[in-house]
Amino acid sequence: MVDDGRTTEEPRERGPRAAWADLPWLVRSAVLWSACLVVVVAGLYLLGRVAVLLAPLAIALAATVFLTAMLDPVQRLLRRLRLPAALAALLTVVLLLGVFVGVGTLVWNLTAGQFDKLSGELTRGVEQTRDFVTSTLPVTDQQLDRLIDQARQGLSQGGGLDPVSGARTAAEVFGSALLALVLLFFLLKDGRTMWRWVLDRMTGPNRAVTAEAGRNGWHTLGAYSRGTLMIAAIDAIGIGLALVVLRVPLAFPLALITFFGAFIPIIGATVAGVVAVLVALAANGPVTALLVLAAVIAVQQIEGNLLEPLIMKRQVNLHPAVILIVVTAGTLIAGIAGAFVAVPITAVVWRVVDTVQRHRTAPSA
């Protein structure tokens, strides 16, 4: 009977846990990491889908947090002058609107009617580049035309040429901008109070970790927003001066494109540089185009190797490959807005995760 009992109970011991324990540790590690990766990717996918469905709200929230981090020093300066929180926040928002209106008016007065000419010059530059490619590379005109037609069809499909769709997009943009301004006022006024309310609901060691992680993430976002603004201005001024010295027409619109392109790392600066070189090629010939290319490369090298580490102070320490991947992913998910917010979101998340990890490993050190 004893033998029978052991033989009947032996298969019960060979259950899932025993089978799992018999697997090599490498296989178990691979299974666990794969499961974690699937969960993380699924969560990111769901967040991305929700963000796409709520695109106006998501863009408004991202713009609000970005502007709050950028304008926080101004609000703190006004608070040091003994102004009430509501008045300091209101003056900060009014200052932002004044800068936008002033810069917008200046840009309109200087560039009104020039962007049509810029489009023509850019088309001429593309045609000259096309002739050069077909004459030096084993590529036919038909193959290039096919590629250009496919690119134009993709842009026209993504652009939404329907008047109703255009009106809806304009209404969404206006509503998002208005919502962002209102939220900006409340975050500048009560942001710290909201954060303290969150911390007061936490107890134990998690409170200290959350406080430090939030503080580091906020400092990273502030460094990125203010640093990107300064770097964009420096890039635009440097490349704009080079265009003026080389007597390239439409220097101010090209500098403006460079300024806005700097807010999309790597890709934006590359596109802006290509546009400047093509316009120089169409207007002044290949020698000027090569000089413009040299100036663009020089400015971007100075920015990447000297100005960015100095201004950012390594608060946003992401590898260029990571930046390229997240910008591409953000573009695929939400277009230009996604490319704009991809890098700061990644930088903040990385700083928060790094802070939590350092806290976890501190006791065993």
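Q: Is Leu57 buried, partly exposed or exposed in this predicted model?
A: Let's start with where it sits: Leu57 is found in helix 4, helices being DSSP runs of H or I with at least four residues, numbered from the N terminus. Buried means under 20% relative accessible area, exposed over 50% and partly exposed in between, using a 1.4 Å probe and protein chains only. Because the relative accessibility of Leu57 is 40%, this residue counts as partly exposed.

Q: Which helices each supply at least two residues of the nonpolar patch?
A: The patch on the surface is formed by Val50, Leu53, Leu54, Leu57, Leu61 and Leu179, with about 530 Å² of accessible area together. Patch members have over 30% relative accessible area and no salt bridge, and nonpolar side chains (Val, Leu, Ile, Met, Phe, Trp, Tyr) are joined within 5 Å. At least two residues each come from helix 3 (25-53) and helix 4 (55-80).

Q: Is Thr258 buried or exposed?
A: Thr258 lies in helix 10 (residues 251-261). Leaving out residues up to four places away in sequence, Thr258 touches Asp235, Ala236, Ile239 and Ala272, where contact means heavy atoms within 4.5 Å. Since its relative accessible area is 6%, Thr258 is buried.

Q: Which element has the highest mean pLDDT?
A: Residues are numbered from 1 along each chain as its sequence is written. In this predicted model local features need pLDDT of at least 70, side-chain atom pairs count only at pLDDT 80 or more, totals for chains, interfaces and linings use all residues, and side-chain values use heavy atoms, without hydrogens and water. With pLDDT being the predictor's confidence in each residue, from 0 to 100, helix 1 (residues 2-13) has the lowest mean, 50. The highest, 87, belongs to helix 9 (residues 205-245).

Notes: Patches are made of residues with over 30% relative accessible area and no salt bridge: like charges are joined within 9 Å, nonpolar side chains (Val, Leu, Ile, Met, Phe, Trp, Tyr) within 5 Å. Accessible areas come from the Shrake-Rupley method with a 1.4 Å probe; for residues, only the protein chains shown count as cover. A salt bridge is a side-chain nitrogen of Lys or Arg within 4 Å of a carboxyl oxygen of Asp or Glu.
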